[in-house]
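Here is a colleague's note to read with the structure open. Please find each residue on screen as you go.

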Amino acid sequence: MDPPSSPQPDEATALRSSSVSPVAVAPTGPPESDGNHKSSISESELRITDGSPRGKLLGFVPTVFVLFITLGFAFLIMGWLLTRQYEPIQGGTGLGAAVRNGSFIVYEGGAPEAGQKATVNLRVLTFSALVSHLISDTSSVLMTLVAYRAGSQWLHNSGAEDRMAIMQNPTPLQYGLLVRLLGSSSIMSIYETGRYAIRRRKRPRLPRLFKEAFALAIAIWIMSRAVGAADLYLHTAARSILVDLPARNKGPGSYPYAVAFNETLCENWQWHRYPCQSNEDSWSQEHPEVVESGYLAIANRSNSKFQVITLADASDAAIIVPGAGVDLSSTSFTAQTFSTSAECRSLFHECEGRANGVNCAQAGYPGLAYNETADGVFSVNSYIFGVVDGQQAGMTYGPADLKNGGYTPNPVNLALQIRWKTHRRSELLNFTVASPDAAVDILPPGFMTLYAGCSVTFSNVTVQYAPMDNSWKILREEQSSGNFTSIMWAPTLWQEGTDQLQSDMKSIVMTEMIPTVEAALNQHLARMMLGIAVGLFQPAEATDVKQTVLTLLGQYPVGPVMILIGLLFIYAILAVTIFTSSWFTKDEIIVVLKNKRKDGTPEEQSAVDLTRRWLVDPLPLVATAFPGEDGEDIGRSVADSAVDMVYDGNGPDGRLGIGLQGRRGFSLRKGGNERFLDE
């Protein structure tokens with residue numbers, strides 16, 4: 001860019017030797033006017049008058065369009081972020097809370113029903129991408145405003161009698177660069193214009209309108225690309241986070257996640273000497289579905305209505321929870337259920353004797369080992385015995401082996417002997433199970449036998465379920481009654497779950513020492529005793545239900561968002577500045593006397609608008625270079641659109657040829673009459 005300076009010598013000479021005559025309206029070029037606003041050519045067709053207020057609004061519509069895109073999307077993005085904030089995660093609402101958090105945390109979905117999947121669209125990214133795309137379109141609209149400003153300056157300089165003002169008009173080359181710059185504002189047009197501008201010694205002086213148009217074109221191009229870069233930055237920085245959102249609960253009876261004892265199983269129980277569902281014959285003889293439910297539970301079958309789990313945070317207590325087929329992933333609740341907890345110790349080092357001659361009376365269990373006789377041969381088999389007041393039950397009639405019919409206080413006292421046949425003999429000496437700290441007896445050869453004493457407590461508990469981490473927590477615990485406990489231990493003493501416990505513990509006793517074996521026995525025994533009896537229970541309604549939906553929240557960092565919004569505001573201010581700078585420019589109206597409106601008045605054209613057309617579109621120059629010579633060229637020069645300004649003939653004379661034209665070089669030729677562009 002050139003600083004203000006006096007004219008160069010050749011320009012000064014041109015000024016001194018030139019004579020200025022009144023400027024007339026040229027029908028084949030940009031509109032010009034003299035100081036008296038009178039037409040000297042074609043008075044019968046065109047006449048210049050003072051500009052009307054209507055001309056002031058020529059750049060208003062483009063300005064409004066740019067403001068609608070920039071400010072509209074800026075307020076849309078900020079409004080969406082502020083109205084859709086998710087307070088629990090963001091730490092409050094409002095711009096201040098987002099700044100403190102570092103990001104806008106936004107919920108962009110609807111209000112999902114319970115059990116439904118919530119979907120989310122990161123709409124701010126959609127808005128950002130859309131405004132980034134539209135800004136590239138508004139750059140051409142903004143260049144239209146620049147053309148209005150440049151056109152008003154060009155008109156003013158062309159109508160002035162001051163030689164210095166005339167020298168502020170562009171040269172033909174500068175005019176061509178302006179047309180390409182204002183018409184496309186592409187990086188190549190800016191590059192070519194910049195190359196010309198820096199050739200200070202090889203070019204005429206740059207007029208002010210050229211410098212301003214060039215500077216504004218660069219600013220607009222940079223701003224539009226900056227908005228695109230901010231959009232890319234936001235897309236890179238934004239992300240989604242997974243949270244549980246509250247949802248509307250279903251009606252009553254929709255959450256059968258609690259556990260209740262099925263009282264109907266004991267309403268008509270006639271064997272009052274024995275606990276419910278147990279007598280001298282078997283356990284739950286009249287309700288085989290109760291037995292089958294227990295087998296499904298201890299085998300962890302997916303079709304079991306209940307499952308039994310161990311809570312490590314509650315001293316390895318086992319509790320009954322809904323079966324694996326129940327979806328609890330979106331529901332937190334409080335529920336009543338039941339639990340068991342076991343405390344076992346290995347008796348191997350407390351008992352006397354080995355093999356089939358073990359005696360655990362010194363350890364407090366005189367019934368161990370229990371030997372069965374078959375064909376005169378003593379053998380030890382797997383049993384779980386109940387012990388009440390020194391009496392041992394479970395050998396023949398389950399709990400009915402006790403004199404009281406099978407009733408027990410809570411907690412219950414159990415004596416266990418679990419034997420495994422290994423099909424190995426001396427080889428066991430090389431296994432962990434043969435070490436001095438092992439929990440089992442490995443005699444007689446080929447067998448392993450675990451002797452243990454256990455105390456098992458049954459409790460009524462209130463638990464809380466949290467879906468986020470799939471966790472259960474015991475809130476309240478109350479020891480169950482003796483009558484309920486007597487019902488619950490009966491299937492265990494009928495040896496319904498002994499085989500399952502034997503299977504669960506085999507690999508553990510072969511590979512672990514006493515502490516690990518005792519801990520594992522606590523867990524497996526508690527789960528087995530509760531699981532084998534789940535057929536006695538039925539689902540009940542949970543309380544404090546809070547239905548949630550696992551969904552995604554949009555997380556938009558404050559920095560990229562504010563950069564994008566700031567750039568949109570700057571772009572809007574730039575548009576308003578360009579518009580207001582040409583607001584007070586004096587306009588002139590060209591009255592087209594030949595063309596009439598519907599009301600009979602002549603049509604009018606703004607001189608600034610026509611000049612703007614010459615600056616952004618090459619068609620007016622084409623119309624001048626190739627006139628139609630049909631008597632309508634003057635009228636076409638002030639047509640409503642650039643397309644209508646060009647004669648478009650249909651014969652051979654209306655076609656253009658191109659190529660090497662002899663002395664005239666490479667140029668265009670109008671077919672039929674040998675007219676050239678440079679003639």
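1. **The model.** Keep in mind that this is a predicted model. Treat each value below as computed from that model.

2. **The disulfides as a set.** How many disulfides does a search of the whole structure find? It finds three. A disulfide is a covalent bond between the sulfur atoms of two cysteines. Now number the bonded cysteines of the protein chain in sequence order. The pairing then reads 1-2, 3-6, 4-5.

3. **Cys266 and Cys276.** These two cysteines form a disulfide, with their sulfur atoms 2.0 Å apart. The torsion about the S-S bond is about -100°, so this disulfide is left-handed. Cys266 sits in helix H10 (residues 264–267). Cys276 sits in the loop between H10 and helix H11 (288–298), and the two cysteines are 10 residues apart. Both Cys266 and Cys276 are buried.

4. **Cys344 and Cys454.** Cys344 and Cys454 are both buried.

5. **Cys351 and Cys360.** Here the sulfur atoms are 1.8 Å apart, and the two cysteines form a disulfide. This link is right-handed, with 105° about the S-S bond. Buried means under 20% relative accessible area. Cys351 has 11% relative accessibility, so it counts as buried. Cys360 has a relative accessible area of 0%, so it is buried too.

6. **Strand E13 and its partners.** E13 spans residues 447–466 and is mostly covered, with 15 of its 20 residues buried. Which way do E7 and E13 run? Strand E7 (residues 331–346) is antiparallel to E13, and 14 bridges join them. For example, Ser346 has Ala452 in E13 as its bridge partner. Strand E12 (residues 412–421) also pairs with E13 in the antiparallel sense, over 10 bridges. Look for Val412, which stands opposite Val456 in E13.

7. **The hairpin.** Strand E14 (residues 471–479) pairs with E13 in the antiparallel sense over eight bridges. Val461 has Glu477 in E14 as its bridge partner. E13 and E14 form a hairpin with four residues between them. In the turn, Asn470 has a positive phi of about 55°.

8. **Helix H8.** Which residues of helix H8 (residues 187–197) are buried? They are Ser189, Ile190, Thr193, Gly194, Tyr196 and Ala197. These residues cover an arc of only 160° around the axis, so they lie on the same side of H8. What do they pack against? The buried residues of H8 pack against helix H7 (172–184) and helix H9 (208–237).

9. **Gln153.** This residue lies in helix H5 (residues 123–159). Is Gln153 buried or exposed? Its relative accessible area is 17%, so Gln153 is buried. Leave aside its neighbours within four places in sequence, and Gln153 is in contact with Arg208, Leu209 and Glu212. With Glu212 there is also a polar contact, side chain to side chain, at 2.9 Å.

Technical notes. Residues are numbered from 1 along each chain as its sequence is written. This is a predicted model: local features need pLDDT of at least 70, side-chain atom pairs count only at pLDDT 80 or more; totals for chains, interfaces and linings use all residues. Side-chain values use heavy atoms; hydrogens and water are left out. Buried means under 20% relative accessible area, exposed over 50%, partly exposed in between (1.4 Å probe, protein chains only). A polar contact is a pair of N or O atoms within 3.5 Å; within protein, one must be able to donate a hydrogen and the other to accept it, and residues adjacent in sequence count only if both atoms are side-chain atoms. Contact means heavy atoms within 4.5 Å. Two strands pair if DSSP finds at least two bridges between them. The arc is that of the directions from the helix axis to the C-beta atoms. A disulfide is a pair of cysteine sulfur atoms within 2.5 Å.
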